[in-house]
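Colleague: I am new to this structure. Please show it to me, and then walk me through it.

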Amino acid sequence: MKKITAVSIFIMMATLFISCKKYLKSDQYFKDRLDLDKSFNNVDYIEEWLANSYSYLTGVNADVASKGFEPFNFADDIYYGDRDVDYDPTNAGSLSYNRFSLGGYHEGEVNSWNLCYEGIRSASIFIQNIDGSTVIDDEQKADYKAQARFVRAYYYWLLLRKYGPVPIIPDEGADYTKSYDELAFPRSTYEECAEYIGKEMVLAAKDLPQSRGQLAIARPTRGAALATRAKVFLYAASPLMNGGKVSADFKTRLVDDKGNPLLSLTYDEQKWARAAAAAKDVMQLGVYSLFVAPYTSSGTITHPATIAPPYNAEYSDKPWPDGWANIDPFESYRRLFDGELSAAENPELIFTRGQNQSSEGINVMVVHQLPRIASGWNTHGMTLKQCDAYYMNDGSDAPGKDMEYGEGNGSQRVSGFVTDEDVAAGKYKPLAAGVSLQFANREPRFYASVAYNGSVWHLTNESQEYNREKQVFYYRGSGNGYTNTMFWLRTGIGIMKYVNPQDTYENGDLNKVVPKYEPAIRYADILLEYAEALNELTGSYNIPSWDSSQTYSISRNVPEMQKGIRPVRIRAGLPDFSDAVYASNTQLRKAIKRERQIELMGEQERYYDLRRWEDASTELVRPIYGYNVLMTQDQRDLFHQPVAAFALQSTFADKMYFWPIEIEELRRDNRLTQNPGWQTYK
């Protein structure tokens, strides 16, 4: 936070996001105080400085990663069970799921505060100095500067989402010679942070290209800047930040050093209109669309013929995007995440860190999802709440959904199991024999996401043929069921999302897990955000587009909301919501929340959605249910009777709305205030 006239830090070596072939070691030229004029008049130095600005985006600052860096990827939908013993709470690398879900973490744990501000400083120096360079042309300067501006604003977004309102550091920096007390900055309000990020993303968007080539896939585009802006504005419009009632006491305690509230205590509907317009800005680019895989009448074991949804007169005979006649809904969803589809081939991938996900990336998450037969850890699982959230293949609710909570439609869970005769007759595809009929006739996203009891793991990269095409059961004594070790699923439900048919962890070889591209922001999210924001409106608003080239008329318009919802539903092989649902603000809100829960599972959205909606105080205090994992295969009927998962706990307190700020940061900045409920050194 000091005004840098000469650089006194070493710039760490970072080749992330840079396609240049030649790099010099940082200590060859960043020695002691290197003159800035020299730094920004050498192409290699410029590119490495920009690379350094990017480098803080990985690790704990990833959007989607495994639990070591991103426990925020786990909420009431999925969990990790391999750290349920009493780990040392002072060790940031040993955060157990129960300690995490009970708010037992401490100030400074999974701390991304320092890294974000280091990235902000690096990007700010770059922005302040790149215009003076004489070794690159104006077009390249503009692109590089826009990239640095995007990165800086994105760091603020990561901070805002985790910690709530944060200090906005002046773009010009601060006087290098001043003391820490003189350099202290207060927290800005949530709205000030949102406005700042929004404006910065617009400035970045003006000079960022519409698209980039394969070698630069992890660099931001115009769409990435505008999509981030849309997400920021959606959060700012949501109840927690916009006059919600559940957290009123929390809001009065979240203040700056002068006692001013940092979250809005009054409701402003226009913020929803602003969020809708920002999402529409992304849609109007004409760059993005949902990925769809083609319909196939024949296939292989790993890529079977298309299983058509039940006949629907409105959708079954129409080609995409009006229907699903020529697409494969299962493959359309599975390929988005399993590594089969490259980032360059994915038309809905808006922003990604590519495959550069550090040591806790998606590949590591997959290893924890894989069964023991593939040498996987068999510990990342799914809650029954999430399993039940998936629709039947005709769009109806699964029988028995939410009955454990005294909700649902009063129906009972299906009994019985798939027989060999059923399989021979082609019934209940894609289920194998011995699978509970509770998992039959579900929507395609279910089969691409859920490793239900008795699901088949392809494991085609296993060296021994007998380890391939394995049906995995989670009954006690099955090899993957309950044991006295850590390697069992606490709910008896696994996760198939992100798993490729070739994936295995045989011999502990991480190279046998197909690389995956991180889905930091994708178009389906933006579409659902657009519908969500429109649904909250009662009035009509005129909002200028991001570049002021046109003005949108924003209101709760059913055809416009359908533009956000219908493509996601049709791609999933499901009919759109009924007219009655669209007619009701309350019913549609509930439907959109469920759609986000399904569509974005395992993409770190659920954790933050529950908080911004102020639903965490109700959803996260419910017991976590699963199947009765103490039952053996001989007791399979009892296994499929839901019970509270004895090994998993959850609760919610107001302090868990935002992550705690590290004590050392509070000592450094005497104007910085702690989030309510957490320790402060004073």
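Modeller: A definition comes first. Helices (H or I, at least four residues) and strands (E, at least two) are DSSP runs, numbered from the N terminus. The model is predicted, so to speak with care: local features need pLDDT of at least 70, side-chain atom pairs count only at pLDDT 80 or more, and totals for chains, interfaces and linings use all residues. Residues are numbered from 1 along each chain as its sequence is written, and side-chain values use heavy atoms, with hydrogens and water left out.

Colleague: How many helices and strands are there in the protein?

Modeller: Both kinds of element are present in the protein. The counts are 22 helices and 16 strands.

Colleague: What radius of gyration does the protein have, and what would a compact globule have?

Modeller: The radius is taken over C-alpha atoms, and the globule rule is 2.2 Å times the number of residues to the power 0.38. The C-alpha trace spans about 80 × 60 × 50 Å along its principal axes. With 682 residues, a compact globule would come out near 26 Å, and the protein agrees with that at 25 Å.

Colleague: What share of the residues is buried?

Modeller: Buried means under 20% relative accessible area, exposed over 50%, and partly exposed in between (1.4 Å probe, protein chains only). Of the 682 residues, the buried share is 61%.

Colleague: Among contacts between residues at least 6 apart in sequence, what share joins residues at least 24 apart?

Modeller: A contact means heavy atoms within 4.5 Å. Among the contacts you describe, the share is 70%.

Colleague: Now to helix packing. Are H7 and H9 roughly parallel or roughly antiparallel?

Modeller: Axes are lines fitted to C-alpha atoms, for helices over the stretch in contact, with angles from 0 to 180 degrees between N-to-C directions. Angles under 35 degrees count as roughly parallel, over 145 as roughly antiparallel, 65 to 115 as roughly perpendicular and the rest as oblique. The axes of H7 (residues 222-237) and H9 (residues 270-284) come within 8 Å and cross at roughly 160°. H7 and H9 are therefore roughly antiparallel.

Colleague: Which residues make the contact, and how do they divide by class?

Modeller: H7 brings Leu226, Ala227, Arg229, Ala230, Phe233, Leu234, Ala236 and Ala237, while H9 brings Lys271, Trp272, Arg274, Ala275, Ala278, Ala279, Asp281 and Val282. Ala, Val, Leu, Ile, Met, Phe, Trp, Tyr, Cys and Pro count as nonpolar, Asp, Glu, Lys and Arg as charged, and the others, Gly among them, as polar. The residues of this H7–H9 contact divide into 12 nonpolar, no polar and four charged.

Colleague: At what angle do the axes of H2 and H4 cross?

Modeller: H2 covers residues 43-55, and H4 covers residues 113-129. Their axes come within 8 Å. H2 and H4 are roughly antiparallel to each other, as the axes cross at roughly 150°.

Colleague: Which residues make that contact, and what are they by class?

Modeller: From H2 come Ile46, Trp49, Leu50, Asn52 and Ser53, and from H4 come Gly119, Ser122, Ala123, Ile125 and Phe126. By class, the contact of H2 with H4 has six nonpolar, four polar and no charged residues.

Colleague: On to the loops. Which residue does a cis peptide bond join to Trp320?

Modeller: Omega of this bond is about 15°.

Colleague: Which residue does a cis peptide bond join to Lys429?

Modeller: Omega is about 5° here.

Colleague: Is Asn378 buried or exposed?

Modeller: Asn378 lies in the loop between helix H11 (362-369) and strand S7 (380-382). Its phi is positive, about 55°, although Asn378 is not a glycine. At 0% relative accessibility, Asn378 counts as buried.

Colleague: Is Ser548 buried or exposed?

Modeller: Ser548 lies in the loop between strand S13 (541-544) and strand S14 (551-554). Ser548 also has a positive phi, about 60°, without being a glycine. With a relative accessible area of 56%, Ser548 is exposed.

Colleague: How far apart in space are Gln633 and Ser478?

Modeller: Gln633 lies in the loop between strand S15 (625-626) and helix H21 (636-639). Gln633 is partly exposed, with a relative accessible area of 46%. Gln633 and Ser478 are 155 residues apart in sequence, but C-alpha to C-alpha the separation is 7.8 Å.
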